Each structure stands twice: as structure tokens, then as C-alpha cells.
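Welcome! Take a moment to look over the molecule below, and then we can walk through it together.

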Amino acid sequence: MDLKLALFKPMLKLTMERTGHGAALGFAITRIGRGEVELVFPYKSDTVGNPITGVVHGGVIVSLLDTCCGSAAITMLNSSAVTPTMDLRLDYMHPAKPFEPIYVAAKVYKNTSNVIFCRGSAWQDDRDNPIAHCVANFMRVETSSVTVGAIIKRRVGRLFNRKNQTK
């Protein structure tokens, strides 16, 4: 068992689910492995792109796939680094069914010193009948600003700044 990954999993899960797009979309990461991540997105009426059909907006699908692939890329890091998206190519196969959850899985298929390459898929009932699939690559950018201490310091700073702005 990879001890570093075991310690990293809860932090990745918390960060991806409770901040940014994760908090806005409300998805839950269901599996994290080295180079692999899976998540589930429960249907939310405020993400509908077509109010007549109730179909989730395509932008939500791309965001889910980008987030899942980016999370898989992050699991490949062995040092303090970030993995911004360099390129994402997405193929939509068919619209998502309304009122049903969407499942997303991503896997790293090549890891180099500068770029991490991933594949991802989103589906509902049948994994072999995807809503969309993608290939994406992420740049590895070494930085000291992503240590646990630095992240906590920024989050606490933002909290206090928000409180001071509301007074």
C-alpha cells in the first residue's frame, strides 16, 4: 500500500468536494487510487441546460470530466506541485437523462516529467454507453505554495478577510 497516497486521499477528497467547482456542483469522490479517480454527481435542477427536457448542461459534464481527470493527475505527484489543464478534448455521445446521477471515472495513461496524460468517461446506467469521454493533459508545475501549511494559512486568511469586509 502506498502510505503517501493513503494520507493524501482524505485531503484530496475534502479539497475537491468542498471548494470551487466541487462545492458548487456537489459531486462526491467515490474512489481514489494512484492515477485513478471516480466520482458521482447527483442530479441537481439548478444545473439544467434545457428547462424543457431537464437535461444537465453540457458545461457541467465538461467540468466533471476536467475535475476528475485533474484529480487523477494530482495523485501522480510526488512533490509540491499543481496540475493546471493544458488541453481537454471532449466528445459528447448523447445527452444525460434527467433526474439521474452521472458517474465519472478518469485514469492516467502516461506520466512524464512535465505532462500528465489522462482519459475520462461520464455515464449513467451503462459504463459502456458513455454520455461523453475525453482525453486531457495537465502540466506539472512545481511550487512550494501547495503545502498543507500554505493552504491552511490562505484559507484562514480568506476567512478573516471575509469577516472584515462584512463589518
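## Aromatic pairs

This predicted model holds 3 aromatic pairs. In one of them, the rings of Y43 and F99 have their centres 4.9 Å apart, and because their planes meet at 50 degrees, the pair is tilted. Y43 sits in the loop between β2 and β3 (48-50), while F99 sits in the loop between β6 and β7, so the pair ties together parts that are 56 residues apart in sequence. With a relative accessible area of 65%, F99 counts as exposed.

Another ring to look for is that of Y109. The charged end of R119 sits over the ring of Y109, 3.7 Å from its centre.

## The sheet

Now turn to the strands. An open sheet is formed by 6 strands, which follow the order β1-β2-β7-β8-β9-β6 with antiparallel pairing. At the edges stand β1 and β6 (85-92); each has a single partner strand, so one side of each is left without a neighbour in the sheet. From one strand to the next, the twist averages 15 degrees.

## The nonpolar core

In soluble globular proteins, nonpolar side chains tend to be buried together. In this model, the largest nonpolar core has 36 residues. Those with the most contacts inside this core are F27, F41, I61, L64, L65, I102 and V104. Two or more residues each come from α1 (3-18), β1 (28-33), β2 (36-41), α3 (58-74), β7 (102-111), β8 (115-123) and β9 (132-139). The element that gives the most is α3, with 8 residues.

Leaving aside residues up to four places away in sequence, L64 touches L25, F27, L39, F41, I102 and V104.

Is H21 buried or exposed? Its relative accessible area is 52%, so H21 is exposed. This residue belongs to helix α2 (residues 20-25). H21 and L64 are 43 residues apart in sequence, yet 8.7 Å apart in space from C-alpha to C-alpha. Beyond residues up to four places away in sequence, H21 touches G26, F27 and S63. F27 is also among the residues that L64 touches.

Note on methods
Residues numbered from 1 in each chain as written. Predicted model: local features only at pLDDT ≥ 70, side-chain atom pairs only at ≥ 80, totals over all residues. Heavy atoms only, no water. Core = buried A, V, L, I, M, F, W, Y, C linked by side-chain atoms within 4.5 Å. Buried < 20%, exposed > 50% of the residue type's maximum accessible area, 1.4 Å probe, protein only. Helix = DSSP H or I, 4+ residues; strand = E, 2+ residues; numbered from the N terminus. Contact = heavy atoms within 4.5 Å. Pairing = 2+ DSSP bridges. Axes fitted to C-alpha atoms, helices over the stretch in contact; angles between N-to-C directions. Phe/Tyr/Trp six-rings, centres within 6.5 Å; stacked < 30°, edge-to-face > 60°. Lys NZ or Arg CZ within 6 Å of the ring centre and 35° of its normal.
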